[in-house]
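Hello,

Here is the structure I said I would pass on. My notes follow below it.

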Amino acid sequence: SGLAATRSVRPGTIVAHTSGANGIAVLSPLTDQGCIPLAIHPAMTFTGADEDIARLPDTCFGITAADDVGYAIAQSLVLEIGGEPFRVREDARTLYHAALAHASNHVVTVVLDAVEALRAALWGQELLGQELVGDDPGGISERVVGPLARASLENALARGQAALTGPVARGDAPAVADHLSALAEVNSELAHAYRANSLRTAQRAHAPDEVFAVLEEAG
């Protein structure tokens with residue numbers, strides 16, 4: 001609205017933003033002045049690192065426009081940088097953004113929780129000549145978790161529900177109970193997070209009642 005108030009943008013000007021949560025409604029003051037509104041959101045995480053820009057050519061972009069002309073322009077802009085455009089309805093932007101936040105932000109939290117637990121498990125047991133287990137990123141804990149997490153992600157994307165493995169998926173209630181106890185000794189918040197994720201995994205895997213009973217008791 002601030003830019004629109006200046007009346008400095010000419011009709012027919014393309015105006016775009018890269019917010020994931022918002023569609024073109026936030027550009028309505030400029031749309032009312034004859035501009036072409038576009039929402040072009042890269043479905044990618046950005047941390048300010050050098051590799052951020054390098055990832056864009058392989059990134060999918062959620063685009064929202066007012067009409068076919070706008071979609072054609074947005075599609076062309078994305079294709080120009082090597083990305084893959086896809087349409088997101090104005091009324092679906094919040095759900096779209098929630099899905100991406102779940103896939104990105106929460107994955108980071110789960111991985112960091114796993115690294116924290118593994119550091120506690122490995123601390124003080126280093127092999128001869130191996131660096132000490134510490135809190136700095138890039139250590140043995142990250143090297144253990146990294147290939148496992150990447151394989152799990154690739155399996156989930158390629159195989160869907162069939163990618164679920166582990167004690168919850170196979171109905172090993174005693175193992176789940178032991179995990180919760182061990183994690184609680186390290187950090188009660190880790191145990192709470194593990195329980196929440198295990199409950200959702202149990203729902204997806206249609207785990208036996210014994211697993212749900214363990215998780216309910218831990219709650």
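Contact here means heavy atoms within 4.5 Å; buried means under 20% relative accessible area, exposed over 50%, and partly exposed in between (1.4 Å probe, protein chains only). Helices (H or I, at least four residues) and strands (E, at least two) are DSSP runs, numbered from the N terminus.

This is a predicted model, in which local features need pLDDT of at least 70 and side-chain atom pairs count only at pLDDT 80 or more, while totals for chains, interfaces and linings use all residues. Residues are numbered from 1 along each chain as its sequence is written, and side-chain values use heavy atoms, with hydrogens and water left out.

Helix α5 covers residues 93-122. Its buried residues are Arg-93, Tyr-96, Val-115, Ala-117, Leu-118 and Arg-119. They pack against β2 (36-42), β3 (60-65), β4 (84-87), α6 (140-159), α7 (173-186) and α8 (188-205). After α5 comes Gly-124, with a positive phi near 80°.

Arg-93, in α5, is buried but has no salt bridge (a side-chain nitrogen of Lys or Arg within 4 Å of a carboxyl oxygen of Asp or Glu). The nearest side chain of opposite charge is Glu-90, 6.3 Å away; Lys and Arg count as positive, Asp and Glu as negative, and His and the chain ends are not counted. Leaving aside neighbours within four places in sequence, the contacts of Arg-93 include Ser-19, His-41 and Thr-64.

Leu-77 lies in helix α4 (residues 68-80) and is partly exposed, at 43% relative accessible area. Beyond neighbours within four places in sequence, Leu-77 contacts Leu-38 and Ile-40.

Regards

Terms used:
The expected span of a helix is 1.5 Å times one less than its number of residues.
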